[in-house]
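Dear colleague,

Please find the structure below, handed over for your records.

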Amino acid sequence: MLHTLSVPIIQAPMAGGVSTPKLAAAVSNAGGLGFLAGGYKTAEEMRKEIMTIRTLTDAPFGVNVFVPNEEDVDMEALLRYQQVLEKEAERFSATLGEAKWDDDDWEAKLSVLYEEKVPVVSFTFGCPSSEVISKFKDNGSFVIVTVTSKTEAQIAAQQGADALCVQGLEAGGHRATFRNDETADENVSLLVLLQQIREAVDLPLIAAGGIMHGRDIAAVLAAGASAAQLGTAFLRCPESGANPLHKNALIDLQFQATAVTRAFTGRPARGLVNRFLIEYDKLAPAAYPHIHHMTKHLRKAAAQASDPQMMSLWAGQGYRLAKDMPAGELVRLLMKEVKEVVEGMNRLL
Ligand SMILES: Cc1cc2nc3c(=O)[nH]c(=O)nc-3n(C[C@H](O)[C@H](O)[C@H](O)COP(=O)(O)O)c2cc1C
């Protein structure tokens, strides 16, 4: 599947309204692989997006879903966090959402992906059972599991994944770790992780995390990846559904760094350092998706009040290099940059 792409560039699935069918179709039409994000929406909303993208491209595309995990939550710590956030919510005349667990419509989403025979299906936050994976493969889908460590890569290979998306520490958005506890994340950067996993499993690898320029794509291909997956690089494209405040924050000098935090959702995720992240990083327990539900109305109210200091501004470490240009043009520019690097290296050798 990856070798049939005319361009080894994958647009990362980005939940929360960023990965629109228009964005994914533009990347697929440019010869890469565009992704829809199934996370946070209902199975039927996801089906509608699949139907829409099919009107925009005949090329293959992917859909990503979150694997549900039920883990122990420190309810006292969650309650303490809730009480503190209530004061913030009041400032925006918002109410906190119910801090509850749910499975993000998992079974219904699997059924839709199966019925719609989606060309590429990818999973994050865990690895589905070998039964689920083989059912998709038998149905003609190419199955990708996102991993952040050698151990996770070995599990995904055993369960029968066709390829692995290797997510380095530099990546924007949620860490894809299978578990959500303090020891789950080894925090390895992309080039090191690619080599650790390359030695352990014999599957095509897709590199993700901090890739913003053709030079970075050339680097991960040289390091053994079959394709590069870029998220933050596509955030400012006109087809991206990212909130305009989020798009602007990427180039706003008041934001000077990214950090990984559980403050917004209860699961580690990398975003621009803003007031919310600084004030609540230490208070937020590991409780996903409880804290996502708890803070979602507050974050929406902050966006409506044009206050980026209280929004989740997911971004990878290379955020400053994100360009405001149509996604298809960006794919072509990235490939031009890759070719220049390869030609330059050929001259050196
Ligand atoms: C705004 C945003 C939303 C994201 N949402 C998802 C998602 O729904 N599913 C997923 O597997 N990865 C998600 N990611 C992570 C990407 O798949 C990928 O690992 C990351 O974007 C790569 O790093 P980069 O942003 O530095 O390119 C998201 C990333 C961003 C920036």
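Strands β3 (61–66) and β9 (227–230) each contribute at least two residues to the shell around the ligand; helices (H or I, at least four residues) and strands (E, at least two) are DSSP runs, numbered from the N terminus. The model is predicted, so local features need pLDDT of at least 70 and side-chain atom pairs count only at pLDDT 80 or more, whereas totals for chains, interfaces and linings use all residues. Residues are numbered from 1 along each chain as its sequence is written, and side-chain values use heavy atoms, with hydrogens and water left out.

The ligand is surrounded by 21 residues (a heavy atom within 4 Å), and the closest are P13, N64, G210, G231 and T232.

Polar contacts are pairs of N or O atoms within 3.5 Å; within protein, one must be able to donate a hydrogen and the other to accept it, and residues adjacent in sequence count only if both atoms are side-chain atoms. A side-chain N or O atom of T232 lies 2.5 Å from an oxygen atom of the ligand. A polar backbone atom of A15 is 3.1 Å from a ligand oxygen atom, and a backbone N or O atom of P13 is 3.4 Å from a ligand nitrogen atom.

H213 sits in the loop between β8 (205–208) and α8 (214–222). The side chain of H213 makes a polar contact with the side chain of E337 (3.4 Å). H213 counts as buried because its relative accessibility is 19%, under the 20% limit (1.4 Å probe, protein chains only).

With kind regards

Notes
Buried < 20%, exposed > 50% of the residue type's maximum accessible area, 1.4 Å probe, protein only.
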